Amino acid sequence: MTETLQTPEVSKNARALLSADQLHVTFPGRRGAAEARAVDGVDLDIAPGEIVALVGESGCGKTSLARTLLGLEKPTTGKVTFAGKPLDYASKALKSYRKRVQLVLQDPSGSLNPRHTVYDAVAEGLRIHGYTGDEREAVSNALSRAGLRPPERFFLRYPHELSGGQRQRVVIAGALVLDPELIVADEPVASLDASVRGEILALLLRLRDELGLSALVVTHDLGLAWNIADRVAVMYLGRIVETGRVEDVLTSPQHPYTQALLSVLPEAPGEPVVLTGEPPDPSRIPGGCRFHARCQVLADGRADEAGVADACRTVDLPVLTGAATSQVACHWAAAGAEDSGDSR
Ligand SMILES: Nc1ncnc2c1ncn2[C@@H]1O[C@H](COP(=O)(O)OP(=O)(O)O)[C@@H](O)[C@H]1O
Ligand code: SF4
Ligand SMILES: [Mg+2]
């Protein structure tokens with residue numbers, strides 16, 4: 001039988017700009033199939049001016065979590081809080097929320113209308129929100145802040161006349177034009193080549209420094225998280241399994257899943273850890289530790305040595321609090337076994 005450890009009572013971070021609280025997002029299964037628990041208990045706080053990277057393999061629930069934080073998806077249970085208030089899902093309230101929290105999508109060629117000029121693409125948000133100021137000046141400022149200078153030179157261009165990096169900047173300008181407090185960037189550079197990727201990341205960092213913008217950057221790329229984030233949250237099968245300051249998590253990962261993800265980066269020392277077992281399926285979340293069927297530490301006997309192998313298979317782990325401290329959801333790490341020096 002699967003038991004559940006008690007979640008420790010830790011007070012929520014009152015300073016957080018955006019918080020997820022015990023968030024669950026479940027999609028109904030098609031034709032009698034089991035429902036998919038895409039987000040299965042997530043707490044996450046993002047402070048003003050903080051950049052948090054959400055990392056994990058494809059299918060682990062990153063986009064579902066991001067969409068729920070944006071109010072595009074309603075949580076099945078749990079709540080989203082912005083600036084101290086729970087999200088109001090009435091359409092008028094959501095519209096004003098979407099001005100303060102902007103989505104920057106991956107694949108700029110897909111998110112820009114090929115028949116709209118750069119000017120119209122950037123002005124669109126202002127028009128939707130009934131902006132009464134000087135539209136031309138606002139568009140011009142947003143393009144400059146996104147690094148497209150002089151902005152007037154881009155007004156009448158069409159997406160096909162721009163490079164991939166320029167298109168991504170137009171998408172960012174479209175978000176910035178509304179003066180958001182937080183942006184959620186879902187795989188912002190996945191479709192760009194390496195040199196352009198660096199430029200876009202530098203831009204996001206500059207926006208944080210100049211405008212105090214907060215960001216949630218969703219990525220399957222840990223190397224990207226390293227370059228941009230203050231804090232990283234590692235997601236596996238609908239849960240955050242490890243979180244902490246980016247330099248702590250990436251130089252000294254505690255969770256076997258984080259260790260495996262890091263071990264396959266080109267610059268990683270030692271042998272890459274190849275995860276065995278079936279790819280994760282949110283309609284069949286295993287009991288015990290949800291990673292146990294693929295865990296290299298359980299498979300190679302280290303969990304057994306530490307006396308936690310039974311717990312790995314049968315005892316669920318608590319949901320990590322969303323706070324900005326180092327936390328890990330793993331029986332083996334909790335037993336202190338990962339400090340013995342032979343973890344990699
Ligand atoms: N609208 C939906 N209906 C049913 N299942 C969905 C829906 N959106 C996502 N899923 C499922 O939820 C899981 C998580 O998906 P997603 O949040 O897109 O993950 P990621 O962004 O990490 O790749 C996947 O198994 C996916 O198939
Ligand atoms: S709890 Fe056990 S199975 Fe899960 S990651 Fe830790 S060692 Fe592996
Ligand atoms: Mg995704």
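Predicted model: local features only at pLDDT ≥ 70, side-chain atom pairs only at ≥ 80, totals over all residues.
This report walks through the sheets, helix pairs and ligand surroundings of the structure above.

**Two sheets**

Strands of a sheet are held to one another by backbone hydrogen bonds, and they can run parallel or antiparallel. One open sheet here has four strands, in the order β3-β2-β5-β6, with antiparallel pairing. Its edge strands are β3 and β6 (85-86), each of which pairs on one side only. Let us look at one pair in that sheet: strand β2, residues 18-27, joins β3 in the antiparallel sense over eight bridges.

Strand β11, residues 239-245, pairs with β13 in the antiparallel sense over two bridges. Within this pair, E242 stands opposite V328 in β13.

**Around ligand 1**

Ligand 1 is surrounded by F27, A36, A38, G56, S58, G59, C60, G61, K62, T63, S64 and P282. Two elements give two or more residues to this shell, namely β3 (36-46) and α1 (62-69). Which of the elements provides the largest share of the shell? That is α1, with three residues. By class, the shell around ligand 1 holds five nonpolar, six polar and one charged residues.

**Around ligand 2**

Now for the other ligand. Ligand 2 has 13 residues around it, and the closest are C289, C295, C312, C330 and W332. The elements giving two or more residues to this shell are α11 (296-299) and α14 (331-334). The shell around ligand 2 divides into ten nonpolar, three polar and no charged residues.

| Pair | Residues | Angle | Axes |
|---|---|---|---|
| α4 and α5 | α4 118-128, α5 135-145 | about 115° | 10 Å apart |
| α6 and α7 | α6 164-176, α7 194-211 | roughly 20° | within 10 Å |

How do α4 and α5 lie, roughly parallel or roughly perpendicular? Their angle of about 115° makes α4 roughly perpendicular to α5. The crossing of α4 and α5 is right-handed. On the α4 side, Y119, V122, A123 and L126 meet E135, A138, V139, A142 and L143 in α5. The residues of this contact are eight nonpolar, no polar and one charged.

The α6 and α7 pair has its own arrangement. With an angle of roughly 20°, α6 and α7 are therefore roughly parallel to each other. Their crossing is right-handed. In this contact, G164, G165, Q168 and I172 of α6 meet V196, E199, I200 and L203 of α7. By class, the contact of α6 with α7 has four nonpolar, three polar and one charged residues.

Key. Residues numbered from 1 in each chain as written. Chains lettered and ligands numbered in written order. Near = placed C-beta within 6 Å. Nonpolar A, V, L, I, M, F, W, Y, C, P; charged D, E, K, R; others polar. Pairing = 2+ DSSP bridges. Axes fitted to C-alpha atoms, helices over the stretch in contact; angles between N-to-C directions. Parallel < 35°, antiparallel > 145°, perpendicular 65-115°, else oblique. Left-handed = near helix turned anticlockwise from the far one by under 90°. Contact = placed C-beta atoms within 7 Å.
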